Amino acid sequence: DVRVSSMAPVSSRVEARPDDVVVIYVIRHGQSRWNVARERNDLFGMLRLDHPLTPLGVEQARALAAAAAGRKGDSELAAELAAAQAIWASPLARALETALVGLHPVLCSSARQDAPALVLKPALREKKRPGGLDSISARRGRGCVRRALAFLGRDISSADAAELASVQVDAREAARRWWAWVESRNALRRRIRRLLLDLERSQLRAVILVGHSFLFRELFRMAIVEGAAPPEVVEQLTQRKAGHCDVVRCEMNLGLGSITSVHIYSPAAGVVVDEGARQRRRGGGRRVAPESG
């Protein structure tokens, strides 16, 4: 897998007007129970609704939190995430859990009075594939938040759970049934276009998007222009899956619908589950964001 960590811009063949350019930080959720079931060919495990994170997925989100807090040695990435104007997340549990834990330093920053709210965006849900149930939920609105917090309660301390429960979440867009029973590729592309239109209408200039592999792969296929990144990076994003809790920094010209610059960060690469630390956290030990990477 290709990992790019330089902040230096990559030249692009698209001439963009500054007013049209936004920065989006695309983040795939941490490892989910569906991912594990798929690796094990566990059909019964795959055929469940709205899979949560695994303990490893929670650890990956915690590694993202450490990066967002500047504790993994990449102060530039931390500064950029801290300056985000909004955080939009899929209402599916694995993405919402990732946003709550992984972006906790941004959501609860004491360094700014206008810390962004977490907004549930159904347009960021995963593609509905034939026979798949992992993109279907039984929860709406605040019920999505309660479900995610209940799952997280198995892997974090009660103090951390209470702190995450205090995060401001705007769940209005998920108040009605927000998932699809079937979805073609064209329907997925229309959904992505609506998402980008929402972004354009918002007039925001720096937004974090937390979602899913098939969704983001289609976004990159639609929008990355020639010269936005080395060919191997483009192949990684358009033909394969981004790593769990990878941060893909994209400069996007909304007027042209084009991604003109791409950089990948992998704060969760190599993360493993420390069962001793996990048990201590469940007993009230460590905080959401670890003290070191």
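A residue counts as buried when its relative accessible area is under 20%. In this predicted model, C144 has a relative accessibility of 2%, so C144 is buried. C250 is buried as well, because its relative accessible area is 0%. The structure holds 0 disulfides.

C144 takes part in a contact between two helices. Helix 5 spans residues 93–102, and helix 7 spans residues 142–152. Their axes come within 9 Å and cross at roughly 70°. Helix 5 is therefore roughly perpendicular to helix 7. On the side of helix 5, the contact is made by A93, L96, E97, L100 and V101. Helix 7 contributes C144, V145, R147, A148, L149, F151 and L152. Of the residues in this contact, 10 are nonpolar and 2 are charged. No polar residues are found there.

Strand 6 pairs with strand 1, residues 21–28, in the antiparallel sense. This pairing runs over 7 bridges. Within it, V23 has E251 of strand 6 as its bridge partner.

Strand 6 is also joined to strand 7, residues 258–265, by 7 bridges. These two strands run antiparallel. Here R249 stands opposite H263 of strand 7. Strand 6 and strand 7 form a hairpin, with 4 residues between them. In the turn, G257 has a positive phi of about 65°. In a regular strand, side chains alternate between the two faces of the sheet.

Technical notes. Residues numbered from 1 in each chain as written. Predicted model: local features only at pLDDT ≥ 70, side-chain atom pairs only at ≥ 80, totals over all residues. Heavy atoms only, no water. Disulfide = S-S within 2.5 Å. Buried < 20%, exposed > 50% of the residue type's maximum accessible area, 1.4 Å probe, protein only. Pairing = 2+ DSSP bridges. Axes fitted to C-alpha atoms, helices over the stretch in contact; angles between N-to-C directions. Parallel < 35°, antiparallel > 145°, perpendicular 65-115°, else oblique. Contact = heavy atoms within 4.5 Å. Nonpolar A, V, L, I, M, F, W, Y, C, P; charged D, E, K, R; others polar.
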